[in-house]
Amino acid sequence: MTTRTTRAVCLVRRPARDPVPEDFAIEERPLPALGAGQLLVRNVYLSVDPSLRGRLQQARMHYTHNLVPGEPLDGRALGEVVASRTPGIEPGRFVRHQLGWREHAVVEARHVSIVDPVLAPLPTWLGLLGSTGFTAYVGLLRAGELRPGDTVFVSAAAGAVGSAAGQFARLLGAKRVVGSAGSERKRRVLTEEFRYDGALDYRAERVRDGLARLAPHGIDLYFDNVGGEHLVAALHALRPGGRVALCGAMSRDGETHDLRHLMQAVLKRITLRGFIVRDHEDLRPEFERCVAGWLASGELVARETVVEGLDNAVGAWLSMLRGGNIGKMLVQVGEA
């Protein structure tokens, strides 16, 4: 092992409200000596995820750990093994792991998964074939109990999870799939590229009005990535016995929508179910078989927004929070 340090993105301070570039810094950090059962990985792609925002706060996150000022960020990444003290995983293999936001990482082999770059391109293993796609798959089938013939509404539909959820819903038997996005350009991408049946631009019209236009007879399943106005609109559009898969709550307008709208869930016997994807690992083999097959047949479109260089990683994340990505947002920090 010749690499003894790595450049890493570190948290300088907790954001006062909206994160800004000055909350982060790139620092040179030492790498631990490679021990038995460990791998030295040269990261190639870093996953840029909205969930990082919650981890920057002081409040406890119940499904993962909070980030600590003065320490490197972490998150999903994919890289090449350059040194190994683990039998069966030789240098040259590509693996996914959780020590992203840095150029090199020493990881426990038991915590990595080996990926096959022949089966799918490397970025796809962090997107449609990674936790992003798996979140969409689990949300539709387990939390949303998708049924053949459903009319499905997906919010943040041009983003990483949303673009997967809309396509999966159609391939899994939905009759009609509609989505929302934050610009006219993204609205067109939903119908022209991701094959949504209809789409609305929530900056140009009220979500409730757009849903009434796109699904005049109501919806059966809402895949919720944002909360706020979208969730309220969906509650009113859902048919009796409808379902909501609660995946995320990125909207900053949630405080303006009070709980009285939840009476819709009572009146129409709606099920709202939150989920954490790691609770459903039993579905992963089925998920990977399905998605790999859809990719091979051309039925599924993989779209990534790739930013080059660790120095631009924070900017990529802040851009994603403002809707600057279509599909999965990634940072490439090394040669594939």
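This is a predicted model: local features need pLDDT of at least 70, side-chain atom pairs count only at pLDDT 80 or more; totals for chains, interfaces and linings use all residues.
Local features rest on pLDDT of at least 70 and side-chain atom pairs on pLDDT 80 or more, while totals for chains, interfaces and linings use all residues. Residues are numbered from 1 along each chain as its sequence is written, and side-chain values use heavy atoms, with hydrogens and water left out.

We can begin with H230, which lies in helix α6 (residues 228–237); helices here are DSSP runs of H or I with at least four residues, strands are runs of E with at least two, and both are numbered from the N terminus. H230 is buried, at 6% relative accessible area (buried means under 20%, with a 1.4 Å probe and protein chains only). Its side chain meets that of S180 in a polar contact of 2.9 Å, that is, a pair of N or O atoms within 3.5 Å, one able to donate a hydrogen and the other to accept it; residues adjacent in sequence count only if both atoms are side-chain atoms. Beyond its neighbours within four places in sequence, H230 also touches residues including F153, Y202 and Y222 (contact means heavy atoms within 4.5 Å).

Helix α4 (residues 184–192) has K186, V189 and L190 buried. Seen down the axis, these buried residues fall within an arc of 100°, so they line one face of α4; the arc is taken from the directions from the helix axis to the C-beta atoms. The buried residues of α4 pack against β9 (176–181) and β10 (198–201).

Terms used. Buried means under 20% relative accessible area, exposed over 50%, partly exposed in between (1.4 Å probe, protein chains only).
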